[in-house]
Amino acid sequence: MAKKSFKELFDPRESKWGGISLPMFLCALIVVAIVVYVPFGLDKEGNPGSFLRPNFLIMFSALAVFGLLFGEIGDRIPFWNDYIGGGTILVFFMAAVFGTYNLVPENFMKAVNVFYGKQPVNFLEMFIPALIVGSVLTVDRKTLIKSISGYIPLIIIGVIGASAGGIAVGLIFGKSPIDVMMNYVLPIMGGGTGAGAVPMSEMWASKTGRPASEWFGFAISILSIANVFAILCGALLKKLGEARPSLTGNGELIIDNSKEAIRDKEVEVKPELTDTTAAFILTGVLFMVSHILGEVWESLEIGFDLHRLVFLILLTMFLNIANIVPDKIKAGAKRMQTFFSKHTIWILMAAVGFTTDVKEIINAAAPSNILIALAIVLGAVGLIMLVARKMKFHPVEAAITAGLCMANRGGAGDVAVLGAADRMELMSFAQISSRIGGAMMLVLGSVMFSFFAS
């Protein structure tokens with residue numbers, strides 16, 4: 001993957017700011033600054049007013065410009081981009097700084113809360129379902145079916161190892177097993193940021209009634225720490241494979257590489273705009289059905305809640321396995337997912353960051369939290385390597401895919417881990433870990449939050 005340089009970013013002839021040339025981006029930045037900061041007239045309460053109107057389009061654009069500013073820069077800071085999380089984490093952190101230290105006006109903060117918060121209509125209600133449907137629906141059907149009986153149990157073993165490692169070290173620092181599971185294991189093993197920590201924070205908020213950013217601020221910090229360890233472990237596992245050839249398949253996960261081996265055979269279909277539209281409508285309909293099922297489940301008073309996103313995951317898995325959705329709509333769903341995960345993630349991270357206290361992020365970098373995150377990553381890797389050969393998987397490849405690709409920050413984390421391990425050919429399994437494994441952690445999170453969150 002080609003490195004991004006600051007030279008090309010500030011070259012006015014290039015279009016590097018989210019497809020916008022430098023002069024156009026600077027004009028957009030000036031306009032946003034005027035709208036946000038320049039006082040104009042009086043509001044209804046007689047206080048100094050501004051040009052800011054808190055509607056969806058204006059807030060979407062303002063947060064996009066903020067996200068592009070720090071996201072493009074973050075993607076070009078060498079160590080930060082390779083190990084911490086690049087532009088995504090820098091956008092979140094800088095937005096948290098602006099919000100915590102009152103570097104933006106109060107009316108802007110209120111508008112962000114409308115855009116991201118618990119309003120009847122907000123951006124998060126589009127972002128999360130689009131990611132879930134796009135991710136689960138586009139996993140190769142045969143791969144998904146076979147992985148349920150073979151690879152997914154390996155993921156579960158990794159989660160058990162991660163939980164055991166985290167709880168063991170957590171007890172040393174006086175943290176309860178439930179605390180470790182909810183606030184450390186779930187965000188680290190949850191499939192990344194957009195499809196993991198973000199929907200988990202909404203599940204937590206729906207149960208506790210408190211702002212989702214309260215849980216998310218700590219979760220994203222712990223996830224970022226674990227992401228660094230996952231990448232470093234990928235490089236170490238590569239060295240281990242070179243030193244102990246009996247532990248590695250040199251890029252092959254399954255020991256018996258026969259016709260039964262799981263392979264990702266994605267159908268090459270180029271979607272049209274109508275296919276993407278159909279996928280978006282399908283997402284909305286599935287979300288409605290999931291909401292109905294969630295309400296019915298709650299009315300049954302079974303004893304624990306299942307969030308509507310859990311039903312959305314299960315419905316989408318059923319549609320994929322049953323092969324009901326046409327390939328062109330699946331391709332449209334993939335494009336939809338790409339749009340939200342690649343091109344709007346900085347907008348969401350800016351919104352989340354503005355509502356997060358940066359002091360909580362700093363506190364999360366305490367030595368105890370670093371050691372717990374390390375124990376979670378090593379616990380997943382260690383237990384997987386112990387059982388992998390008995391399950392007909394090569395230990396090194398199994399630890400990389402079912403372990404490290406669960407304990408990183410999602411798709412970008414998968415690329416970084418596999419790149420560090422020199423195992424890019426394992427991307428299909430990494431995607432199962434991030435997508436299906438992450439979806440399983442959402443189900444676990446929904447159940448745990450219903451019992452223990454308060």
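Author: Of the 140 residues in the largest nonpolar core, Leu63, Phe108, Met189, Phe354, Leu404 and Phe449 touch the most other members. Helix 12 (residues 212–243) gives this core its largest share, 15 residues. This is a predicted model, where local features need pLDDT of at least 70 and side-chain atom pairs pLDDT 80 or more, while totals for chains, interfaces and linings use all residues. Numbering starts from 1 along each chain as its sequence is written, and side-chain values use heavy atoms, with hydrogens and water left out.

Reader: What makes something a nonpolar core?

Author: A nonpolar core is a set of buried Ala, Val, Leu, Ile, Met, Phe, Trp, Tyr and Cys residues joined through side-chain atoms within 4.5 Å.

Reader: Why is helix 10 called largely enclosed?

Author: Helix 10 (residues 177–188) has 9 of its 12 residues buried, so the rest of the structure largely encloses it. Buried means under 20% relative accessible area (1.4 Å probe, protein chains only). Among the buried ones are Val180, Tyr184 and Ile188.

Reader: Why are helix 6 and helix 16 called oblique?

Author: The axes of helix 6 (residues 106–116) and helix 16 (residues 345–354) cross at roughly 125° and come within 9 Å. Under 35 degrees is roughly parallel, over 145 roughly antiparallel, 65 to 115 roughly perpendicular, and the rest oblique. Helix 6 and helix 16 are therefore oblique to each other. Residues making the contact include Phe108 and Val112 of helix 6 and Leu348 and Phe354 of helix 16; contact means heavy atoms within 4.5 Å.

Terms used
Axes fitted to C-alpha atoms, helices over the stretch in contact; angles between N-to-C directions. Helix = DSSP H or I, 4+ residues; strand = E, 2+ residues; numbered from the N terminus. Buried < 20%, exposed > 50% of the residue type's maximum accessible area, 1.4 Å probe, protein only.
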